[in-house]
Amino acid sequence: LKPGQIKGVPGFSQGPLPAPLSFVMDDEGENEFVSEQVNEIVKNAITKTLGAAQYNKDRVNAWSTQIVDDTLKELAKLNKPFKYVVTSIIMQKNGTPLHTGLSLYWDTKTDGVTCVQVGTDTMDCITTVFACMI
């Protein structure tokens, strides 16, 4: 593996963004982590916050906070037995690549993670949700 790469988790770079990255639990049931449902929550939070805005370094912290807060509020409404961690990165499109990766040591039958990338003309947003069953 090259630096910045994790086996099974692609790095992200400037240019076309890949499809959402998701790891789902093996068990079926109403208390499972459903990545498609979480992806939709994250996409809605990003779209609501960023809309058609142009990159503005003075607003990035507020945007990131709003995306994370909106995502957590909607996840809590699902009433599933998880503790959630949400991260969000907003980067201006300026030709500089962004590489990120993650590695997990947990129970894939009960825990889940999904990563959503949304790009606009002037910025990219990468938001990751980690869910650990209580």
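1. Cys125 has 0% relative accessibility and therefore counts as buried (buried is under 20% relative accessible area, exposed over 50%, partly exposed in between, with a 1.4 Å probe and protein chains only). Cys115 is buried too, at a relative accessible area of 2%. This is a predicted model, in which local features need pLDDT of at least 70, side-chain atom pairs count only at pLDDT 80 or more, and totals for chains, interfaces and linings use all residues. Residues are numbered from 1 along each chain as its sequence is written, and side-chain values use heavy atoms, with hydrogens and water left out.

2. The structure holds 0 disulfides (a disulfide is a pair of cysteine sulfur atoms within 2.5 Å). Cys115 is in none; its nearest cysteine sulfur, that of Cys125, is 9.4 Å away. For Cys125, that distance to the closest cysteine sulfur is too far for a bond.

3. The whole structure contains 3 aromatic pairs (rings of Phe, Tyr and Trp, the last by its six-membered ring, pair if their centres lie within 6.5 Å; planes under 30 degrees apart are stacked, over 60 edge-to-face, the rest tilted). Phe82 and Tyr84 have ring centres 5.9 Å apart and planes at 45 degrees, so this pair is tilted. Both residues are buried. Ring pairs join Phe33, Phe82 and Tyr84 in a cluster.

4. Trp106 and Phe130 pair edge-to-face, with 6.5 Å between centres and 70 degrees between planes. Trp106 sits in the loop between β2 (82-92) and β3 (112-119), and Phe130 in strand β4 (residues 123-133), so the pair ties together parts 24 residues apart in sequence (strands are DSSP runs of E, at least two residues, numbered from the N terminus). Trp106 is partly exposed at 24% relative accessibility, whereas Phe130, at 18%, is buried.

Definitions and conventions. Helix = DSSP H or I, 4+ residues; strand = E, 2+ residues; numbered from the N terminus.
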